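Please read the points below with the structure open beside you. They are meant for someone who has not looked at this chain before.

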Amino acid sequence: MKFGYVKVASAIPSVRVADCPYNAQQAEKLIAIAEGKGVQIILFPELNLTGYSCGDLFQQSLLLEQAEIALMQVMNNTRQLDIISILGMPVMVGGLLMNCAVVIQKGRMLGVVPKTYLPNYKEFYEQRWFAPSAALSDDTVIRLCGQQVPVSADLLFETSEVCFGVELCEDVWAPVPPSSYLALKGAEVIFNLSADTENISKHQYLRSLLAQQSARCLAGYVFSSCGFGESTTDVVFAGNALIYENGTLLAASDRFSFEEQLVVSEIDVERLRGERIVNTTFAASVRACSERPSRRVQAELSPSRELPLTRSIEPHPFVPEGGRLLDERCEEIFSIQVAGLAKRLVHTNCKTVVVGISGGLDSTLALLVCVKTFDKLGLSRKGIVGITMPGFGTTDRTYNNALCLMQSLEVSVKEISIKEACIQHFQDIGHDMSVHDVTYENGQARERTQILMDYANKVGGLVIGTGDLSELALGWATYNGDHMSMYGVNGSIPKTLVRYLVAWVAQSGVDHRSRETLLDIIDTPISPELIPADEMGNIKQKTEDLVGPYELHDFFLYYFLRFGFRPSKIFYLAEKAFWGKYDRPTLKKWLTNFCRRFFNQQFKRSCLPDGPKVGSVSLSPRGDWRMPSDASSAVWLKECDELPAE
């Protein structure tokens, strides 16, 4: 795969307890299928070549001999394949029997990883049969299947594309799992061969455990656990195949399936490396375990193939999927905005705020935040002064919505037209009003800001900013116009999320009249309304016609800022996320526009007013994004220019 993706698979084979030849055949079959799907590393369950539930049969020399023969069979029959396979089997190390993972490729063994923590549960007494990895010296080497192979729980398998480590089942349940040390030593993906049994509520706990471990390690985590065919004398094995990336579940098997399964996905190693670069806690932890030994084994992944991603790419990364999750996210974000503004009001002992209300989404959200804040502080809503400032491009729809919303929310309403002031100003600077250029537009924006600032001084209040994260990324704001305020409550909320926040408030937090107005505002085209309306009185200047669809720019912004991806990778992901909605020329056009504007407009972000951070992506110059205003965009635009246009 390109762009740092490594294709992995978690296999749940059919198994017969103590029938090693059969189990080897099932492993070979799934390895071949995975190779055909472009999988580069495949994982099998714990002790899959013998079956996990053999009990005291593990002490039978014939079973151990058959397990080694089965391993030789798998290696011989897959030696023509490039795929790396991780199999589970009992292995004799000196005079000790160990529960091991054996990593093989092209007919040779790369390494053997013994289990570190052996359970002693009522169902299975692993300590009865196996010795832990701690019984070995750091440089142990054994001869297995006629090959010399290193044996250690600290093995790191290094390829040019990825470094990975292996742990087994109980290891991840330990207070400090081996995978934590492996990750700090450089492992970007962890593979876990497991034999988890099922009982009530355990599965959800397991998922939570794996998600947390992959997140703590900033790693991919591939898990494979025994399934149908293992002994059900006392317990049941459901067959769990799970693939995580930094806390996010990418793919999962069907539990309690009677059929073999192969779960495939791609882990974005480039993304994980980017996360580790910016995470200073991870770097400090690396230094803290510098004395712990590790052994490195060199390997090579199969050559990258041009295969489509099987993992889904969400087109709206800032907006969580699902009604309940979206409601929870909206409530949390809205609460952060309210808490931020409340602190500023208490600190300044201010009981009045001034908000410019246009009838658009951003100013609506800002007004709703102010209302909720005043309610929680026990302040009268009349201390919220909403000022609507109709100009040359204001339409009846937005004008009426602005007035209706302020009235239904029972805030103080003030209307100040900017037309006469702008006409005078244009005369003063000698600007022809028939020329609807940047001077014409920005003059109106700055007049509105001047009114807000001066009126706030008059009533002893704070001007609440309405601009959102998407506008800041594109520089779609008039410098020292709507760009400026005394506290910006929307500054780290992208446009795609603003709409959902307003809809959430409409459905859950306002009266019927306000709800109707909010729903109409949501359906209104996004526009600064600085150009006169058309002959029918409708909005003529639509923002997304000028700078591009906000859903695209928010997608670009997320991957550009959150993970530092290059334009070609963002384009690659956008193609999958927006397949069937935007063609290549459209994606290329707006991605190029995004990169150009993002660099050229940094000077506006260098002097942003205070405002609360609500998510992982923010452009505050005081901590989240520090970039020189004169940085060159040349290499980004060059890569954009080289993107395919058809």
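**Notes on the fold**

1. An open sheet is built from 7 strands, in the order S13-S12-S11-S10-S9-S8-S15, with mixed pairing. Strand S13 (248-252) and strand S15 (295-298) each have a single partner strand and stand at the edges, so one side of each has no neighbour in the sheet. From one strand to the next the twist averages 25°. Please keep in mind that this is a predicted model.

2. Two pairings within this sheet can be followed residue by residue. Strand S9 (residues 163-168) and strand S10 (residues 189-194) run parallel and are joined by 5 bridges. Within this pair, Phe164 stands opposite Val189 in S10. Strand S8 (residues 155-158) pairs with S15, also in the parallel sense, over 4 bridges. Here the bridge partner of Leu156 is Arg296 in S15.

3. The two faces of S15 can be told apart. Arg295 and Val297 make up the covered face of S15, while Arg296 and Gln298 make up the uncovered one. Elsewhere on the sheet, helix H5 (residues 202-216) lies across strand S11 (220-225), strand S12 (241-245) and S13. The helix runs at about 35° to S12.

4. Helix H1 (residues 20-36) has 17 residues and spans 24 Å from its first C-alpha to its last, close to the 24 Å expected at 1.5 Å a residue. At its start, a side-chain oxygen of Asp19 comes to within 3.3 Å of the backbone nitrogen of Tyr22. Just after H1, Gly38 has a positive phi of about 85°.

5. Which residues of H1 are buried? They are Cys20, Tyr22, Asn23, Ala24, Gln26, Ala27, Glu28, Leu30, Ile31, Ala34 and Glu35. The cover over these buried residues includes strand S1 (5-12), strand S2 (41-43), helix H2 (61-77), strand S3 (84-93) and strand S14 (261-268).

6. Nonpolar side chains tend to be buried together in soluble globular proteins. In this model the largest nonpolar core has 51 residues, of which Ile42, Leu71, Met109 and Leu144 touch the most other members. Two or more residues of this core come from each of S1, H1, H2, S3, strand S4 (96-105), strand S5 (108-114) and strand S6 (141-144). H2 gives the most, with 7 residues.

7. The surroundings of Ile42 can be listed. Not counting residues up to four places away in sequence, Ile42 touches Ala9, Ala11, Leu30, Ile31, Ala34, Ile83, Ile84, Ser85, Ile86 and Leu262. Another core, of 45 residues, lies apart from the largest one and has Leu365, Ala506, Val510 and Ile521 among its members.

8. Asn48 is in the loop between S2 and H2. Its relative accessibility is 5%, so Asn48 counts as buried. A polar atom of the Asn48 side chain lies 2.7 Å from the backbone nitrogen of Gly88. Neighbours within four places in sequence aside, Asn48 is in contact with Val15, Asn23, Ala27, Leu87 and Gly88.

9. For Cys169 the value is near 40°, and for Glu410 the value is near 60°. Cys169 lies in the loop between S9 and helix H4 (178-184), and Glu410 in the loop between helix H10 (396-408) and strand S18 (412-415). Are these residues buried or exposed? Cys169 has 6% relative accessibility and therefore counts as buried, as this is under 20%. Glu410 has 53% and therefore counts as exposed, as this is over 50%.

10. Val354 is placed in strand S16 (residues 353-356). This residue is buried, with a relative accessible area of 0%. Leaving aside neighbours within four places in sequence, Val354 is in contact with Val385, Ile387, Leu452, Tyr455, Ala456, Val459, Leu462, Val463 and Ile464. Arg566 is 212 residues from Val354 along the chain, and the C-alpha atoms of these two residues are separated by 41 Å.

Conventions. Residues are numbered from 1 along each chain as its sequence is written. This is a predicted model: local features need pLDDT of at least 70, side-chain atom pairs count only at pLDDT 80 or more; totals for chains, interfaces and linings use all residues. Side-chain values use heavy atoms; hydrogens and water are left out. Two strands pair if DSSP finds at least two bridges between them. Axes are lines fitted to C-alpha atoms, for helices over the stretch in contact, and angles run from 0 to 180 degrees between N-to-C directions. Contact means heavy atoms within 4.5 Å. Buried means under 20% relative accessible area, exposed over 50%, partly exposed in between (1.4 Å probe, protein chains only). The expected span of a helix is 1.5 Å times one less than its number of residues. A polar contact is a pair of N or O atoms within 3.5 Å; within protein, one must be able to donate a hydrogen and the other to accept it, and residues adjacent in sequence count only if both atoms are side-chain atoms. A nonpolar core is a set of buried Ala, Val, Leu, Ile, Met, Phe, Trp, Tyr and Cys residues joined through side-chain atoms within 4.5 Å.
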